Structure formats: C-alpha cells, structure tokens
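Subject: Handover of a model

Hello,

Here is the model for your files. My notes on it follow below.

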Amino acid sequence: MGIRNALINIGGNVMALGSKEGRKWRVGIQHPRQAGPLATVALDDGEAIGTSGDYQRFFEVDGKRYPHLLDPRTGYPADHTQAVTVLIPAGPKAGTLSDAASKPIFIAGPDAWREAARKMQIGLVLRVDRSNQIFVTEAMRQLIEFIGQAPALTVVP
C-alpha cells in the first residue's frame, strides 16, 4: 500500500515501521496500577514491543485479582506478576515474537522469569512483580526512560 512509516498497535503489542519524520518512534509502557505510562522506549524501524499484564483482563473476588494468564503447571492464574514488557529487535518475526514471548516470561514468575527469557533469547525485558518491585535487564535499562522520578530498580544481567 506504499506505507513506509507507521506504528502498528494491536493492543499490548506495537511494531515500528520506518520512522517519525526521521526520528525513532517513542511508545509508552503502561503502568500496571496507575493511569498513564510507567516509562517510554524508542523503537527503530522493524522493532516490536509486547506487554502482558494483569490489569486489562482480570476479575476480582473478595479483593483478590485473578488475571487471564494461566500457569499451565497449576491451572491457576499467575498472580506473582503485574506486567512484563519485552522489546524485540528488528527481524522477520519481531511482531509475533513480541506477543508470544511476554506471556511465558510473565507466567514463569519471580524465580524463573530470567531463565525463561534466556531460553527464548530475549535480552530486553522489564518485569513488575505483585508488590510493585521493578526488575529490568541491563540491556533494557539502557533503552527505557521512566516518567517522572525513576523508581527503584533491580537490574539483572
């Protein structure tokens, strides 16, 4: 169709095509418990970002949140994570991988998320756990800009 510059947004997943008037596209990473973005990241042509979270599709019973992401090991919703965002470098399957990779990293939980990301060769990850602690890979930390005062982070290799 001749479109050379655009952002493709399919709800939680965004892919960049071209540039915004010669500059990288800047997209927001939704804060899982507040209105508005937690951070922003700049995307180059062909890069994709995907987020899985417990804040869009969930229900609550007696004050407990039940997200739509189920842990296949238990059959129950994964309740240890609020959000996982992955950034995928440009490539033929970047968009698909950004959608597919965030879910198992979300479900893997506090002790296994980093290993799950390594197995899928995903080096750019931001994870917010159920107590609002933010974990970020060193590579992702170099790319994101937090909104307002930067929160306390745990940076992992």
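In which loop does Ser-19 lie? Ser-19 lies in the loop between β2 and β3; helices (H or I, at least four residues) and strands (E, at least two) are DSSP runs, numbered from the N terminus.

Before the rest, the ground rules. This is a predicted model, in which local features need pLDDT of at least 70, side-chain atom pairs count only at pLDDT 80 or more, and totals for chains, interfaces and linings use all residues. Residues are numbered from 1 along each chain as its sequence is written, and side-chain values use heavy atoms, with hydrogens and water left out.

Ser-19
Ser-19 has a relative accessible area of 23% and is therefore partly exposed (buried is under 20% relative accessible area, exposed over 50%, partly exposed in between, with a 1.4 Å probe and protein chains only). Apart from its neighbours within four places in sequence, Ser-19 is in contact with Asn-5 and Trp-25, where contact means heavy atoms within 4.5 Å. From Ser-19 to Ile-105 the separation is 86 residues in sequence and 29 Å in space, C-alpha to C-alpha.

The chain
The chain has three helices and 12 strands. Its radius of gyration is 15 Å, close to the 15 Å that the globule rule gives for 157 residues, so the chain is as compact as a globular protein of that length. That radius is taken over C-alpha atoms, and the rule is 2.2 Å times the number of residues to the power 0.38. Along the principal axes, the C-alpha atoms fill a box of roughly 50 × 35 × 30 Å. Of the 157 residues, 42% count as buried. Among contacts between residues at least 6 apart in sequence, 50% join residues at least 24 apart.

Helix α1
After α1 comes Gly-109, with a positive phi near 90°.

The largest pocket
About 450 Å³ of space lies in the largest pocket. The closest to its centre, of the 21 residues that line it, are Gly-11, Gly-12, Asn-13, Thr-51 and Tyr-55. A pocket here is an open set of points on a 1 Å grid over the protein atoms alone, where a 1.4 Å probe fits, with protein on both sides within 12 Å along at least five of seven lines; lining residues have an atom within 4 Å of a point. Grid points are joined across faces, edges and corners, and the volume is the space filled by probe spheres set on the points. β2, β3 (25–30), β5 and α1 each supply at least two lining residues, and the largest share, five residues, comes from β5.

Two positive phi values
Most residues other than glycine have a negative phi. Asp-62, not a glycine, has a positive phi of about 50°. Asp-62 sits in the loop between β6 (58–61) and β7 (64–67) and, at 81% relative accessibility, counts as exposed. Asn-132 also has a positive phi, near 75°. Asn-132 is in the loop between β9 and β10 (134–137) and is partly exposed, at 48% relative accessible area.

Regards
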